[in-house]
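Here is a friendly briefing to read alongside the model.

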Amino acid sequence: VSLPPVLASKYQFLRAFDTAGAEADLYLAERRLDGRHCVLKLYRRGLHPKLEVLEKLRKCDRKFVIETFDSGESDGLWYEVLEYGEQGTLRDLIGEGPVAPNELRPIIQRLGAALSYIHGIGIVHRDLKPENVLIRSRSPLDVVLSDFGISSLSEATHHFTTRSRTI
């Protein structure tokens, strides 16, 4: 993988994630400065994040939303440098087998609090699924929302949608 020069100087490519989206590819990288793992999200040429959503996300409480360390454009490619959820995703947790009721309640409570928080600051996620819920830690449980690629800003207090979209 050929990283844009601004990223190649700061990050060492480790591997590609097999979860390529329609808008971007994700890579695990190591920050040269301190060896910390992070995710590089490289948008496809001609695509870029919604800058107004990205700006709001930068100011979010990290208790609810994955951290964005850096973002910008280099050689015509937009990128984001994101916190790496080392414990995987909610999909990974579900894949291990049934989640016990005493483990399920805190997950639902944390997700409810995270959604309430982002809706309160005017962000509608629009792509909530187990793959977009990252687990920072299992004990104590710490889950956060990620992948705000199709999110939008909201000025309304109610949201309606068609059959092809979910709220």
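A cavity here is a set of points, on a 1 Å grid over the protein atoms alone, where a 1.4 Å probe fits but cannot get out; lining residues have an atom within 4 Å of a point. Grid points are joined across faces, edges and corners, and a volume is the space filled by probe spheres set on the points. This is a predicted model, in which local features need pLDDT of at least 70 and side-chain atom pairs count only at pLDDT 80 or more, while totals for chains, interfaces and linings use all residues. Residues are numbered from 1 along each chain as its sequence is written, and side-chain values use heavy atoms, with hydrogens and water left out.

**Cavity**

- Searching the whole structure turns up one cavity of 30 Å³ or more.
- The largest cavity holds about 150 Å³ of space, and of its 16 lining residues, L54, L57, E80, F148 and G149 are the closest to its centre.
- Helices (H or I, at least four residues) and strands (E, at least two) are DSSP runs numbered from the N terminus; β3 (37-43), α2 and β5 (77-83) each give at least two residues to this lining.
- The largest share of the lining, three residues, is from α2.
- By type, the lining has nine nonpolar residues (Ala, Val, Leu, Ile, Met, Phe, Trp, Tyr, Cys and Pro), three polar (the others, Gly among them) and four charged (Asp, Glu, Lys and Arg).

**Nonpolar cores**

- A nonpolar core is a set of buried Ala, Val, Leu, Ile, Met, Phe, Trp, Tyr and Cys residues joined through side-chain atoms within 4.5 Å, where buried means under 20% relative accessible area with a 1.4 Å probe, protein chains only.
- In the largest core, with 17 residues, L57, V65, L145 and F148 touch the most other members.
- At least two of its residues come from each of α2 (51-58), α3 (90-95), α4 (101-120), β7 (133-138) and β8 (141-145), and α4 supplies the largest share, four residues.
- Not counting residues up to four places away in sequence, L57 touches R62, V65, I123 and F148 (heavy atoms within 4.5 Å).
- A second, separate core has ten residues, including L7, Y11, C38 and V81.

- A29 sits in strand β2 (residues 24-31) and is buried, with a relative accessible area of 0%.
- The C-alpha atoms of A29 and Q12 are 5.4 Å apart, although 17 residues separate them along the chain.
- S137 lies in strand β7, and its side chain reaches the backbone nitrogen of S139 at 3.5 Å.
- Beyond its neighbours within four places in sequence, S137 is in contact with Q87 and D142.

Technical notes
Buried < 20%, exposed > 50% of the residue type's maximum accessible area, 1.4 Å probe, protein only. Polar contact = N/O pair within 3.5 Å; in protein donor to acceptor, adjacent residues only side chain to side chain. 1 Å grid on protein atoms, 1.4 Å probe; cavity = no way out; pocket = protein on both sides within 12 Å on 5 of 7 lines; lining within 4 Å.
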